[in-house]
Amino acid sequence: MNLKPYFDFTKELAYQAGKISLDYYQKGITAEYKLDNSPVTAADRAVEEFIRQRLEKSYPSHAIVGEEYGAGDKASESIRWIIDPIDGTKSFMRGVPLYAVLIGMEVDGVVRVGAAYFPALDEMLYAADGEGCWWNERRARVSAIDRLEESFICFTSMRSGLDEQHSQLWSEVVKRAYAMRGWSDAYGYLAVATGRAEAVLDTVMKVWDCGPFPPIFREAGGYFGSWSGEEGHQHGEALACNSLLLPKLVSMYKS
């Protein structure tokens, strides 16, 4: 399958969608709250509507799933687009620039193309299998640090390690890591994919929260998947790291 046309399309779509988000950014926007107490704004809806319209026009046979409008009637199609119009709405609504537009293209259950655009920072991270991972037109690579004692570890919430399933690895990382930084949501994954941090740990992860990250980390030389070492975007949790730290983190999780 020639992924290059999808690669170029996804990057451009994320960029255009991100520019729409800036029409609402730091403009006093208010949020409504869903049943799970997560916020949604007019910007989330406007950006997802724009992305869906472009996808439906360009690829009418493809399936779509997004955070705000769910899955359509083509859910069984082999190609599915995964959308998070604003990943980091809590940051966005407070005027913090660490939010992103996330778009991934899944083929037969595997994400093969992805783009994460950070409009307020004008940073674009995008990849496709065989096309490399790129950060604002430069090749993106994970770091080569292999010791926790030298590593920067990112997380979205301090509550990440409080449940029994994840507490052992979390407590070990907190004790040993050089630095723990709450660079939340997609920004932590940007930092790891570009070698500015070594790992991200999240205990809760919906598919739209991580749609573009599997090919991004494959092409950047790293890992994206479950805490137990299974690659992919459908585990309900996420660990992203460079390949040197992966066996150590997985071993600590399983021990």
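**Helix packing and sheet order in a predicted model**

Helix 4 passes helix 7 in a right-handed crossing, meaning that the near helix is turned clockwise from the far one by less than a right angle. This is a predicted model, in which local features need pLDDT of at least 70 and side-chain atom pairs count only at pLDDT 80 or more, while totals for chains, interfaces and linings use all residues. Residues are numbered from 1 along each chain as its sequence is written, and side-chain values use heavy atoms, without hydrogens and water.

**Helix 4 and helix 7**

- Helix 4 (residues 164–176) and helix 7 (residues 246–254) pack with their axes 8 Å apart, at an angle of about 130 degrees (axes are lines fitted to C-alpha atoms, over the stretch in contact for helices; angles run from 0 to 180 degrees between N-to-C directions).
- Helix 4 is therefore oblique to helix 7 (angles under 35 degrees count as roughly parallel, over 145 as roughly antiparallel, 65 to 115 as roughly perpendicular and the rest as oblique).

- An open sheet of 8 strands has mixed pairing and the order 4-3-5-6-7-8-9-10 (two strands pair if DSSP finds at least two bridges between them; strands are DSSP runs of E, at least two residues, and helices of H or I, at least four).
- Strand 4 (70–71) and strand 10 (138–139) stand at the edges with a single partner strand each, so one side of each lacks a neighbour in the sheet.
- Strand 3 (residues 63–66) runs antiparallel to strand 4, joined by 2 bridges, and Val 65 stands opposite Ala 71 in strand 4.
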